[in-house]
Amino acid sequence: MSEPREIQAHQPVIINEPVLLVPGQEIREPTLIWSKVIIFVMLALITMGMINLYSAAMGTSLFWSQLKNLFIALTSFAVCAWLIPPRHYNTYAYWFFGFVCFLLILVEVIGGISMGAQRWLKVGPIMFQPSELAKIAVAMVVAKFFHTSRLARPYTLQDLAPLATIIGVAFLLIFAQPDFGTAGVCALIAACQLGFIRINAKSVGIVAATVLVLLVIAWFFVLHDYQKLRVLNLINPDMDRSGTGYNALQSFIAIGSGKFLGKGFLEGTQTQLQFLPARHTDFIFSVFAEEHGFLGATILFGLFITLIYMGLAIAKQGKDIFSALLAVGMTSIIFVSFMINTAMVLGLFPVVGVPLPFFSYGGTAMIMFCTSLGILVAIERESLDLFRKTSSMNMGGSAVKKPA
Amino acid sequence: MKKMFRAPHLMIESRFFVASVIVVGAILALWLRVWHLQIYRGDYYRRVSENNRIRKIEIPAPRGVLFDAYGKTILGNTPSSDLVITPQYMKDKDKTFDVLAQLLHRPRQTYDRKYKQARSQPRFMPITLQRNLTQHEISIIESNRLFLPGVEVRTTARREYDLDVSPHMLGYLGEVNPSLLKQLNAKNRGNPYNIGDLVGKQGLEARLESYLRGKRGYKLIQVDAFGRASDTQRDDWQLPAVGAQAGANVELTLDLELQKAVTRAFSGKNGAVIVMDPRSGAVLALTSQPAWDPYIYQKGMTHEEFRALSLDPLHPFLDKTTGGEYPPGSTYKAVVALAALQEKVVNAGSSYFCNGSFSLGNQTFGCHKKEGHGYVNLRTALMQSCDVYFYHIGIDLGVDRIAKYAKALGLGSKLGFNLNMERPGLVPTSAWKLAVHKEPWATGETPPISIGQGYNLTTPLQMASLYAALGTKGQIWKPFLVRRISNSFGQVIEERQPQLLRTTDAISPENYTLVRRGLEAVVNDEEGTGKKAKVEGITVAGKTGSVQVVNLKKNKNQSDVSVLWKEHAMFASFAPSENPEVVVAVISEHDDTGGGGASAAPVAGKILNAYFELKKKRAFVALGASVPNQPASDPAAPKPVKTKLNQPKKRAERPVMNRGAAYE
């Protein structure tokens, strides 16, 4: 790996302004405004998601197993938000990324196969998808990269080559499963983060052109037939009504038939009578829209938009580049997943396996989304310098033993 | 003011604004799409989703039942299983049909054809692919339902025929063809036919179609994505249903037991038999032979079977009772005799000498008895069917005067029976000859006319009607078969009354009596030609007839000619002769046992015998029925004689009510 040419020493910015300990005076704690909203919105979304999953699961054990996953996810959220200061991610970002890559290779070797793709890793009773972890890992690596290799001038393609190589490895490993959806989400997360970096316009042009060429090549040589059909169905869902177009069509019917107020909880006929495919995973939004209508969908959109806006706000007041970029990455995990899933369900994007955050069934995804929100909360807490305070109040364990 | 963006210059602060705009814009776009689907097109998709889950199941109406005059079922229903497919739920047509063809060992084309016929109807409407599945076939289909989306086995009613009843009269059911469908549905807007529905194609099934078909109902059921009916126990998913309305039941004038006797008596013969009540025109029994197996249409007739039936020289498809036109032969002599008496050409005592032949100019007309009958008067001429006597009076009368009386007695025109293409027959006149053959009447053509040969044509129905008129001194009733039509609840919709067409008063009652005496002698005299029709204790009046089919040399040995060249044997009669209550006309085509006296008269005899036996039996049953539960020894038991008169009426009403209940 070639080192960037101009390296500035890592200078963590230490801010000592808000807390003044004057005897006899009240301690004015800086308040976690964004994080409180995030927690509220997350809990609201999780509640809605679980209720909706109960309907989509139609009495099967999926709901209860997701409840277990939720427990783990909320624990993970709390740990990330309160116990692990983001600077540790900075320290161990590459290690974490390496570990995820190792898991991805492990999946290739010993992974479980479901629905024609090798995505699962089984450790004892736990089954999980390392590709979901890769989303966080990619975001961390991007943040870390720009934190360590700072340039005064706009980045060029050459400067970004090491980063591209690292992310490319993860991308290809996920792509090989094959899980085009997750691989794409990883790439998009990185792209979102890069969007906040000053990059040479020429380089952007070259990359855009290359991506275009790659897409064309992929269309003709890489994509499977079923993937191509999914794209073609986008243009005309009536093309193959009973085959690949069936999913999209039934999804439209489910969403559309919800009308303004929806058919009511457990009353969605498209869902309850199993017309809707992949009800509890990819097409969970259709279930929600069918049973809760336009009103429910609007509330859901509002909650997501709030969540994303909070994430951006946290990123904006991030303590350092790493924190800011990591916050952008965490936000974009939610944003990209939400966008791709709803666009797909609404027939604006090809059908790819991207879960709707907090709604779709899936343990690893749930944990991953909660964790990313936890990291966002941690970043805000760090920006308000609350980790040092908690350490002084002897709250944490190893995470706070090493003050920066 | 505190700078919000604290990260160093590496990141561009303005990008946060851009990012917010992108996020809001993108989510707004999705939100608009949701609005488009749920609000703008919400009604459409709600409808589509209802179509997805709700399947309309049609409940076929049981077809109306035909009963005889005594409440016995002539034509009923029995359950049968049909293979139907609903195109809406079919995934892959070719695959489905291939699998079906393999499972049921049928050529695939039959399914394709049925499917193609139904192209125009909506996709949710089921198409019947095959009828009358066997138990084995049903189990095969049911066990492979998973691979056959859209295919089901439905139970429908199938006609159950009484094999003793003429299928010509009952008719048969066939699938409605597209052109007829359009025509029928133009008339039946409220109750349309579907492709594959059965309609009456002949006989009473066709004539009473609008009464018999009923009105089908439907129920809505909820199905899941795999076409399986889901539970609709939840109140909010209760769906409406409308029950089927059974077709109207029809009570005929037919007497099933007499009909069975007719079939028995006529078995092995070809032709037609009609038994009528001369006092009302009610048809009591009829048959037309040869016929077809009524079940052949249900099974689906093969091309070979159809060819065999349609090419049969004995015309099994023809209803000979109304559509078969035969020269009346000697049975016509009664008409000629009446004409001669009324026109005073002869009287009861005048006689002619028969030496076995009659000469007119250079033509010679033989009598059926070569040796001649000697001196014959009206009575002996009828009794022995002397041709020469009738040649004489025929020449004296002339063709037009014979025709006048023949027409007055109902020949030569339709009687309005209105079943299966009734034919008018033919009574030749000189005017008719001139109009049709463009030739004047030749006197030499009159002698054959006067013995019922030549141009003369009558249908068996006309023959029966003629003898009814002879027996009732000129009353011509419109023959009828349907007495009462009552809907499925037992309410009478229509009741048909006997209709007297006219009373032929051109002939005086004395002359009727004279001819009737002659006809009585035919059966009852030792020398009568029709003595085989005699019935113990009843005076039967009748007339035999033997009709040459081709102009063979008279008295040529009948056993030497081909079956189709053999004579038609006829016998027409009424009994009891003084006050007739039954008239029987028998026409046995190409009979190889002999002429009217040898082969048709015994048939009529058996039928008349059966009629009077049945009458006796019924009178006895009616007598006994009034004391059904009383012990015979009970001296206090009321005398049954009182209720005897009321009994037939009661009997006619009760079955109607029961029927209504049975079909609700």
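I began at Trp35(B), which sits in helix α1 of chain B. Helices here are DSSP runs of H or I with at least four residues, strands are E runs of at least two, and both are numbered from the N terminus. This is a predicted model, in which local features need pLDDT of at least 70 and side-chain atom pairs 80 or more, while totals for chains, interfaces and linings use all residues. Residues are numbered from 1 along each chain as written, chains are lettered from A and ligands numbered from 1 in the order written, and side-chain values use heavy atoms, without hydrogens and water.

I looked up the exposure of Trp35(B): it is partly exposed because its relative accessibility is 36% (buried is under 20%, exposed over 50%, partly exposed in between; 1.4 Å probe, protein chains only).

Next I listed the nonpolar surface patch of about 890 Å² that includes Trp35(B). Two elements give two or more residues each: α11 (284-316) of chain A and α1 (14-40) of chain B. I noted that α1(B) supplies the largest share, five residues.

Then I checked the cysteines. I found zero disulfides over all chains (a disulfide is a pair of cysteine sulfur atoms within 2.5 Å). Cys186(A) is in none, and the nearest cysteine sulfur, in Cys101(A), is 9.9 Å away. Cys186(A) counts as buried because its relative accessibility is 2%.

I also looked at Cys386(B). Its sulfur lies 3.7 Å from that of Cys354(B), the closest cysteine sulfur, so the pair is too far apart for a bond. Cys386(B) is buried, at 0% relative accessible area.

Terms used:
Patches are made of residues with over 30% relative accessible area and no salt bridge: like charges are joined within 9 Å, nonpolar side chains (Val, Leu, Ile, Met, Phe, Trp, Tyr) within 5 Å. Accessible areas come from the Shrake-Rupley method with a 1.4 Å probe; for residues, only the protein chains shown count as cover. A salt bridge is a side-chain nitrogen of Lys or Arg within 4 Å of a carboxyl oxygen of Asp or Glu.
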